[in-house]
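Hi,

Here is the structure I promised to pass on. Have a look at it first, and my notes follow below.

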Amino acid sequence: MARKPAHAPGETAGQPGLNDDIGEKMRLTMYRMQVEIRQSEQRAYDLFLQNLVKGTSHLSLGQEAVATGFAAAMKPGDLSFCTYRGHAHTLARGVPIERVLGELMQRDNGLMRGKGGSMHLTSVEHGVMGSYAIVGAHLPIACGAAWRAQYKGDKDVSVCFFGDGTTNIGAFHEALNFAAVWKLPVIFVCENNLYMEYTPIGEVTSVEHPAADRAASYGLERIVLDGQDADTIYRAARAAYDKARAGGGPSLIECMTYRYSGHSRADPAKYRPDGELDAWKKRDPIKIYRDRLIQFGIAENVIAGIETDVNRRVDEATEKCKAAPPPSLDLLTSDVYADGGWAWRN
Amino acid sequence: MAELTYRDAVTRGIAQEMARDPDVVFFGEDVAKAGGVFKTTVGLLEQFGPLRVRDPPISELAIMGAAMGAAMTGLKPIAEIMFSDFFAVCFDYIANEFGKSRYMSNGQLKCPLVVRTGNGAGSRFGAQHSQSVENWCMMIPGLKVVAPSTPRDVIGLLAAAVRDPDPVIFFEHKSLYATKGEVPDGEIVDQLGTAKIVRPGRDATILALAFMVPRALEAAEKLKAEHGLDCEVIDVRSLVPLDTQTILGSLARTHRLFTVEENPRLCGWGAEIVSIAADEAFYDLDGPPVRITTPHLPLPATDILEDMVLPTADRIVDRVRRSLSA
């Protein structure tokens, strides 16, 4: 496939080799991943409207590039720690769509057979070490996983994703200091989507960039990225992982992004000023990346083929989930303790 | 066999497990270089080195979370929270994380960790450094909860806790650190979920935990000597798993039940056991079960007041004697 020597939007001109470091194969992978997240999240929303998604859900529509870039730069064995807004990060590690949608629909084919639900997606075999619904809780947990790597001489990194709201909770600050002092191979990724939940993050935070502007407090570099460009994310992720694997300690990376839907399924997001959503949609990560592929000479039919294929797979997953039974009732008391049961007395 | 303090038993218990398994690591505020504020961990840094015995900052959230992350991914961490009162600042891990990750993940995640902590009153530290909070942990599904009363049990139960695949909260009692007891040579490994009859008797069953065990024993001796009442004393040792069989078995012989609890009265551990007895052994009982507890009060600092609120041997004697003669 012919390549045009063009600089893609958002990239810095004049840095030789910058555009060639990712390569076509990885770019196609990242495009596919973003489309898969977009379509799966959209499907989750549609299923919610059909009353087939139970409980709550927190979508990452508009934030696909962050999950994709960080996951694409990971190696097998690297560990992801997610929040309740974790569908995207789970899919990005290669977890089948059916297992994710199945969990949202709380069916037996779900990742945790319905025992965890949307906010707790976990797939240890894919390196997804849990999605945590208590804001900030998983930052120290990621530190512990990184400590294990450091202690055992394992070369994996722990990558911890969280929102801008997390930067104002104590666990964020304890984890950052702890990781920096112990030089742990952990990457803290703040997805700044501008709203802590319903309230603009700027109204409740003493600095403009809630994560990056605090990095200096922990002796860390200030990093703010365009969160809508998967290539930018991918490069920064790779650099941070390399540094962590080399014993250089943690990184704190703030990605500017935007969620197209409300905080959770209950939130119509009416607090947003007129025009804000439309302005962000002009910088839609999938649109940006589609244009990027075309600039790099990838044929339209190849791109459309990816989109069609993902759509078919999301449809198939949906049908499988609709047909899946609810979990068996014996799950109720299983796996409370390591013996598989729940006995607290003899 | 050697005489050891409860304090030194903590050190020996940790050392026994660290020497056995290189995946056992230990960390907590001031535990490494300083040897612990209660001097329970002196020499561990020198013996096992700075990679395995570490001083974190005063960051209880980071300590608890890091212990969990390490446990999930292959280590067997022992974390120390200096005073159990501080559980309140990191309760998320106790209440929401440790005991729920396995269940929520449908068995994918594991959490084999031990949190050691200094629990209980008697040091005149006041309301925020003296509480008995074992009942805070007992009420949370997925945790195991242990509170030894003797040096030998410290070593044996700590070993059992470290080797256990579930998260274990290990309550050491601050007022027991200086007490002594006989400890056999060599490796000691006990079993979680086992109560121990520490004084057999026929007339009543007295359940006690940690610092209340020596007080219950002293009371039982006085009851025998002064009132001719022969009380069985059971050291409950493990709140979760709870050794209901030993407790109900005793009740079937003595027909009377007393609990001696340092935790404040409301929802103390004895309430659950009394409830079990009412459900399952009602017709074994010859009289109402009696709970002897710290009243539902914050703990005062001054000695004369602190001494008033904790169950004492005399209070136990008085309460048991009045109950049995009623």
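Let me start with helix H9 (residues 244–254) of chain B, where B:Thr244, B:Ile247, B:Leu248, B:Ser250, B:Leu251 and B:Thr254 are buried. Buried here means under 20% relative accessible area, with exposed over 50% and partly exposed in between (1.4 Å probe, protein chains only). These residues lie on the same side of H9(B), because they cover an arc of only 155 degrees around the axis; the arc is that of the directions from the helix axis to the C-beta atoms. Their cover includes strands S10 (204–208), S11 (231–235) and S13 (257–264) and helix H10 (269–280) of chain B, contact being heavy atoms within 4.5 Å. Helices (H or I, at least four residues) and strands (E, at least two) are DSSP runs, numbered from the N terminus.

A word on provenance: this is a predicted model, so local features need pLDDT of at least 70 and side-chain atom pairs count only at pLDDT 80 or more, while totals for chains, interfaces and linings use all residues. Residues are numbered from 1 along each chain as its sequence is written, chains are lettered from A and ligands numbered from 1 in the order in which they are written, and side-chain values use heavy atoms, with hydrogens and water left out.

Some backbone details may interest you. Most residues other than glycine have a negative phi, and most peptide bonds are trans. Just after H9(B), B:His255 has a positive phi of about 70 degrees. The peptide bond from B:Val240 to B:Pro241 is cis, with omega near -5 degrees, and B:Pro241 sits in the loop between strand S12 (238–240) and H9 of chain B. B:Asn106 is not a glycine either, yet its phi is positive, about 55 degrees; at 18% relative accessibility, B:Asn106 counts as buried.

And what is the order of the strands in the open sheet of chain A? It runs S2-S1-S3-S4-S6-S5, with parallel pairing; two strands pair if DSSP finds at least two bridges between them. The edge strands, each pairing on one side only, are S2 (128–132) and S5 (224–226) of chain A.

Finally, helices H1 (residues 24–49) and H7 (residues 230–245) of chain A pack at an angle of about 115 degrees, their axes 11 Å apart. Axes are lines fitted to C-alpha atoms, for helices over the stretch in contact, and angles run from 0 to 180 degrees between N-to-C directions.

Best wishes
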